Amino acid sequence: MNPGRSWAIMLRQFYLMRGSLSRVLPLFIWAAVDIVLWGFITRYLDAVSSASFTFVPVFLGAVLLWDFFIRVMQGVTMAFFEDVWSRNFLNIFATPLSLPEYLGGLVITGIATSAIGLLAMVALATTVFGLSFLMYGLLLIPFILVLFLFGIALGILASAMVLRLGPAAEWFVWPIPALISPFAGVFYPISTLPQWMQVISHLLPPSYIFESIRAIVSGGAASGMGLLWGGCLAVLYILAACWAFARVYRHAVRTGLIARYSAESVS
Amino acid sequence: MQHVLSVKNLCKTYGGKIAVDKVSFKVSQNEIVGLLGPNGAGKTTTINMILGVLEPNAGTITIEGHDIATQRPAALERTNFAAVYAPLPGNLTVCQNLRIFGLLYGVKNLSARISALLGEFNLGEFRDKKCGVLSSGEQTRVCLAKAMLNNPHLLLLDEPTASLDPAVAKDIRARIREFAAKGTAGVLWASHNMYEVEEVCDRVLFIASGKILLQGDPKTLPRRHGKKTLEELFIAVAREPLTLEGEFP
């Protein structure tokens, strides 16, 4: 493993972003819109409800962390899509770059871009709507870590899907977070869901984070076992996603798809 | 003479169609080998297998003793390529592309190497221009500069001068000949330009229907087969490959 090669993948993304407003703005613009929207919704709910807790850390904190998860996933897939859009697979994979180095580069890119988005969101939520992450205490670290790991796993899996199905499959990637969110219990307790949805929720690492947030805000304690299980699941999904990407890559090398990617299939 | 590339019994089928059929050849140090054949003959498939982006059904490829199947990074560190169908990303500048690929190939003293190549390929004025806005000839020169970044011991070229004007093409041919003569590199050069092949290559391999049908010195090979020019021989190979099958052991 040569870290310089992973760095090259990250550097490419930096070069592209440095000269392109259309790549920089999406890092935080949609997240900022979400923060503003949910910031006012929570203010309104605080004003009209007689709940014993404030809605800001429940909803706004949840929205912020959910948007962070989306940024991580998209950070990975966007770096991958740059190779799709510029038809660069032949050049990239004819170098000594190994698959772990390539995926490592995508992950580093995901870390960097999501960190920018997170900082912007935290600044907005704190200054404008008074959200304080101090309320979560040190548990904020596992919250962010688990969401980050799951975002990486989904980003790699989504990239594998596009590599297998061709550039047009990009369309499948964007709605993935929206499809997951009802099961992840971002805005409501998992117990609200019907039984079959709860089964799926328990397989999703973010659901343990949002359950913990609600527990803390209502004066209870987060489930240490739940967070640990969520973390283990996220690591498992990363391994599974890397395995899937490697399988798809091997298929693409065997069939010649890497060299003829724009054709979408070699049949 | 040491071999930089050794290809043995290489086979590739797509579905039921045979693209490359038991192809074997070697490229030695300081040697430029031309890979000739009609469209669909198996030239690009062979090059893609040597580059490790296409897995053969059978056979072995070793680059300076490193098997591409089992020692891929070591084999590809010594290799580079330029192909008319693989332009560098158009949304990055010349310098950015060279830096990224330099890092991927693990080039030492990268900044100095980039400056030297920009000068060598007359790309200095385009260093901060995006590759996508360059003319096709300028893009080809950038691809060739990329191909030289790691001082490859094996250089694969697929129609490298296809979009260059005659003056630049001549200059590039001279540069690649000098590159092969000076160091320890071997070059595999796929082309349809018979004049170019005759001028540059020490040896040519004629490939048709996935098989190597003929090989030899491009200057003497046509006469050996009753043809006046390499182009005549090419046309004969393209039209009647079956009559030549079995001539190459």
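Visitor: Where is Asn109(B) placed?
Guide: This is a predicted model. Asn109(B) sits in the loop between helix 3 and helix 4 of chain B.

Visitor: What is phi of Asn109(B)?
Guide: Most residues other than glycine have a negative phi. Asn109(B) is not a glycine, yet its phi is positive. The value is near 45°.

Visitor: Which residue just after helix 3 of chain B takes a positive phi?
Guide: Look just past the end of helix 3 of chain B. There phi is about 65°, and the residue is Gly106(B).

Visitor: How many residues of helix 3 of chain B are buried?
Guide: Burial takes 20 or more other C-beta atoms within 10 Å. Among the residues of helix 3 of chain B that pass are Val94(B), Arg99(B) and Phe101(B). The helix is largely enclosed by the rest of the structure, because the buried count is 10 of the 11 residues.

Visitor: Which helix of chain A is included in what covers the buried residues of helix 3 of chain B?
Guide: The cover draws on both chains. From chain B it includes helix 4 (110-120) and helix 5 (136-148). From chain A it includes helix 1 (3-18).

Visitor: Which helix gives the most to the side of chain B that touches chain A?
Guide: In this contact, 24 residues of chain B meet 25 residues of chain A. Helix 2 (72-77) and helix 3 (94-104) of chain B each supply at least two residues of the chain B side. With five residues, the one that gives the most is helix 3 of chain B.

Visitor: How many residues on the side of chain B that touches chain A are nonpolar?
Guide: Sort that side by class. Six residues are polar and two are charged. The nonpolar residues number 16.

Visitor: Which residues is Val187(B) in contact with, leaving aside its neighbours within four places in sequence?
Guide: Contact here means C-beta atoms within 7 Å. Val187(B) then has the partners Ile32(B), Val33(B), Leu155(B), Leu157(B), Ile176(B) and Ala180(B).

Visitor: How far apart are the C-alpha centres of domain 1 and domain 2 of chain B?
Guide: Chain B is divided into domain 1 (3-78 + 153-244) and domain 2 (89-151). Their contact takes nine residues from domain 1 and nine residues from domain 2. The C-alpha centres lie apart by 25 Å.

Visitor: What is the order of the strands in the open sheet of chain B?
Guide: The sheet has four strands, paired antiparallel. At its edges are strand 2 (17-28) and strand 5 (66-67), each pairing on one side only. The order is 2-1-4-5.

Visitor: How many bridges join strand 1 of chain B to strand 2 of chain B?
Guide: The two strands run antiparallel. One bridge pair is Ser6(B) with Lys26(B). The bridges number eight.

Visitor: Which residue of strand 4 of chain B is the bridge partner of Cys11(B)?
Guide: Strand 1 (residues 3-14) and strand 4 (residues 58-63) of chain B are joined by five bridges. Elsewhere in strand 4, Thr60(B) stands opposite Lys8(B). The partner of Cys11(B) is Ala58(B).

Visitor: What is phi of Asn30(B)?
Guide: Asn30(B) is in the loop between strand 2 and strand 3 (32-36) of chain B. It is partly exposed, with 17 other C-beta atoms within 10 Å. Although Asn30(B) is not a glycine, its phi is positive, at about 65°.

Visitor: What is the radius of gyration of chain A?
Guide: Chain A has 12 helices and zero strands. The globule rule gives 18 Å for 267 residues. Chain A comes close to that, so it is as compact as a globular protein of that length, with a radius of gyration of 20 Å.

Definitions and conventions:
Residues are numbered from 1 along each chain as its sequence is written. Chains are lettered from A and ligands numbered from 1 in the order in which they are written. This is a predicted model: local features need pLDDT of at least 70, side-chain atom pairs count only at pLDDT 80 or more; totals for chains, interfaces and linings use all residues. Two residues are in contact if their C-beta atoms, placed from the backbone, lie within 7 Å. Domain bounds come from an automatic or database domain assignment. Ala, Val, Leu, Ile, Met, Phe, Trp, Tyr, Cys and Pro count as nonpolar, Asp, Glu, Lys and Arg as charged, and the others, Gly among them, as polar. The radius of gyration is taken over C-alpha atoms; the globule rule is 2.2 Å times the number of residues to the power 0.38. Two strands pair if DSSP finds at least two bridges between them. A residue is buried if 20 or more other C-beta atoms lie within 10 Å of its own, exposed if 12 or fewer, and partly exposed in between; C-beta atoms are placed from the backbone.
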